[in-house]
2 protein chains.
Amino acid sequence: MDLNVPDTRQQILERRLADGVHIVAAEIAVEFDVSIDTARRDLISLERSGKAHRVRGGAIPVMPPAAPMQEKIAHGKRPPAAMIAAAVDSLADCKTVILDGGSTVWALAKALKPRAGLLIVTPSPWVAIACMENGIEVVLLGGRLSGHGGVSVGLDCEEQLGQLAAETAVLGACAMDADFGLSSDNMDESRVKKMMANAAVKTVALADRTKLGSRARHRTLLPTALDGLITDGTPSECAAFQAKGIMVKNV
Amino acid sequence: MDLNVPDTRQQILERRLADGVHIVAAEIAVEFDVSIDTARRDLISLERSGKAHRVRGGAIPVMPPAAPMQEKIAHGKRPPAAMIAAAVDSLADCKTVILDGGSTVWALAKALKPRAGLLIVTPSPWVAIACMENGIEVVLLGGRLSGHGGVSVGLDCEEQLGQLAAETAVLGACAMDADFGLSSDNMDESRVKKMMANAAVKTVALADRTKLGSRARHRTLLPTALDGLITDGTPSECAAFQAKGIMVKNV
DNA sequence: CATTTTTTTGCAAGAAAGTGCAGGAATTAA
DNA sequence: TTAATTCCTGCACTTTCTTGCAAAAAAATG
């Protein structure tokens with residue numbers, strides 16, 4: 001049984017506030033099985049440490065600082081939650097996972113839960129930060145930051161990838177076609193993606209429907225080099241990939 | 001059953017904490033057949049080594065990695081603008097600059113303006129992102145991400161630093177003392193700081209007044225290894241550093 | 001093997017923290 | 001305004017923590 005002490009309760013409440021949830025004192029009193037006074041005291045404590053803004057009846061989040069980078073990434077499009085959930089599930093048994101950069105994979109990183117022995121390897125500072133905030137161990141690949149996608153690229157990065165072995169690599173895609181395979185807009189990033197796929201036993205692409213059926217400038221991986229595809233496309237689109245021997249998880 | 005000694009018990013508890021389990025002092029006292037005092041002492045020991053966070057009744061994982069970095073950034077503890085401006089000025093003529101991690105240096109990175117030929121090298125994903133958003137070229141050093149300050153550490157990282165030459169390294173400090181020098185809370189980070197200083201012709205410390213006159217666990221750089229200090233301390237504090245031959249820029 | 005030193009352990013008294021309750025002030029809604 | 005909540009303050013009670021101390025166990029030493 002979990003401890004029911006001010007520290008733990010407030011930790012839980014803090015998380016909720018960070019997600020933008022409003023807190024009602026009377027409700028958490030029932031939930032944590034404490035008197036409403038104690039619930040109130042928790043909120044007072046959170047307010048003192050600047051994590052909540054108390055209002056009559058409960059508390060609301062203090063205006064989020066809205067990390068600038070998250071804004072930039074999350075501003076355009078948020079990938080479907082079901083697809084992200086499917087991706088998280090597919091990593092359930094993995095210990096060492098290589099995560100690519102890009103907004104879709106970043107959403108996956110944010111959704112990961114800490115687990116003993118789980119290690120994430122990534123060339124993307126955004127993904128690295130997201131994992132760290134979730135309490136997951138991270139190895140960050142170094143290199144020149146590519147202006148296009150904001151991931152490490154270059155010889156150093158490729159060399160580091162050559163020296164490690166992972167169970168699964170999850171790649172984002174600029175474009176994804178059943179015949180052409182996975183392709184990218186930027187040559188350096190394309191090379192790094194290739195190395196990531198090489199370093200892993202299993203390579204999975206994570207691509208929402210907007211990427212399906214299109215081709216980008218640099219061909220990164222042949223369809224045969226892909227083991228899985230997680231997407232939210234139409235059944236007919238998925239069938240084309242399945243015909244190439246790719247395990248498709250469609251949501 | 002293994003030997004019932006502190007080491008064994010604490011190892012078991014450590015594993016549980018890593019799995020996110022809450023530990024109740026009274027329960028482990030029964031389980032290990034020791035008094036509650038001994039159980040408490042085990043938890044104290046775990047807390048000392050940073051593996052547990054003690055709360056009333058027991059301990060919880062120190063998990064909320066709540067990257068001190070992220071917390072500081074989100075919490076709006078902004079370093080004084082004048083100090084940051086002074087730091088920006090001091091880099092006016094540099095082409096290749098090594099920037100450390102930490103909230104203070106991060107503030108500096110956010111204030112940097114793009115300039116032809118300027119290249120930033122950093123082990124911190126936060127600093128890397130800040131520079132990229134400012135349109136500055138970045139080389140990100142790779143490595144395991146240290147839980148404490150969220151910077152790359154480890155052999156890989158040190159090796160990369162050994163292979164490059166920069167004009168100036170700007171180091172953040174956990175603590176800064178005129179006699180003891182620059183010191184850090186974390187050994188890995190301390191080693192990386194040392195390597196950063198070695199890789200640069202000039203080493204400058206950026207430390208607000210709260211860091212002055214204090215010492216952290218790991219001695220990183222002797223005062224003689226420092227070329228400059230940018231701070232917002234009192235004149236008397238600064239004089240102590242100047243007496244050691246350090247060029248102090250006080251605001 | 002005997003003895004010294006260090007570590008570990010349990011105990012007890014006082015300090016501190018957490019909790020619930022009651023009475024009165026403040027705020028909101030009708 | 002009145003009535004109903006909700007908040008704040010102080011207080012008593014319980015539980016847990018800290019601290020100092022001495023005995024037991026383990027390790028090191030000669």
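Guide: The model is a predicted one. In helix 8 of chain A, residues 155-162, the buried residues are Cys157(A), Glu158(A), Gln160(A) and Leu161(A). Viewed along the axis of helix 8 of chain A, these buried residues fall within an arc of 160°, so they line one face of the helix. An α-helix has 3.6 residues a turn, so residues three or four places apart point the same way. The face of helix 8 of chain A turned away from the buried side holds Leu155(A), Glu159(A) and Gly162(A), which are exposed.

As for what covers the buried residues of helix 8 of chain A, the cover includes strand 4 (96-99), strand 6 (137-140), strand 8 (152-153) and helix 9 (187-199) of chain A. Chain B takes part in this cover as well, through its own helix 8 (155-162).

Another element of chain A is strand 12, residues 200-206, which is mostly covered, with 5 of its 7 residues buried. Strand 12 of chain A pairs in the parallel sense with strand 9 (residues 166-172) of chain A over 6 bridges, and there Val204(A) has Val170(A) opposite. Strand 12 of chain A also runs parallel to strand 14 (residues 228-231) of chain A, joined by 3 bridges; here Ala205(A) has Leu229(A) as its bridge partner.

Key: Residues numbered from 1 in each chain as written. Chains lettered and ligands numbered in written order. Predicted model: local features only at pLDDT ≥ 70, side-chain atom pairs only at ≥ 80, totals over all residues. Heavy atoms only, no water. Buried < 20%, exposed > 50% of the residue type's maximum accessible area, 1.4 Å probe, protein only. Helix = DSSP H or I, 4+ residues; strand = E, 2+ residues; numbered from the N terminus. Pairing = 2+ DSSP bridges. Arc of directions from axis to C-beta. Contact = heavy atoms within 4.5 Å.
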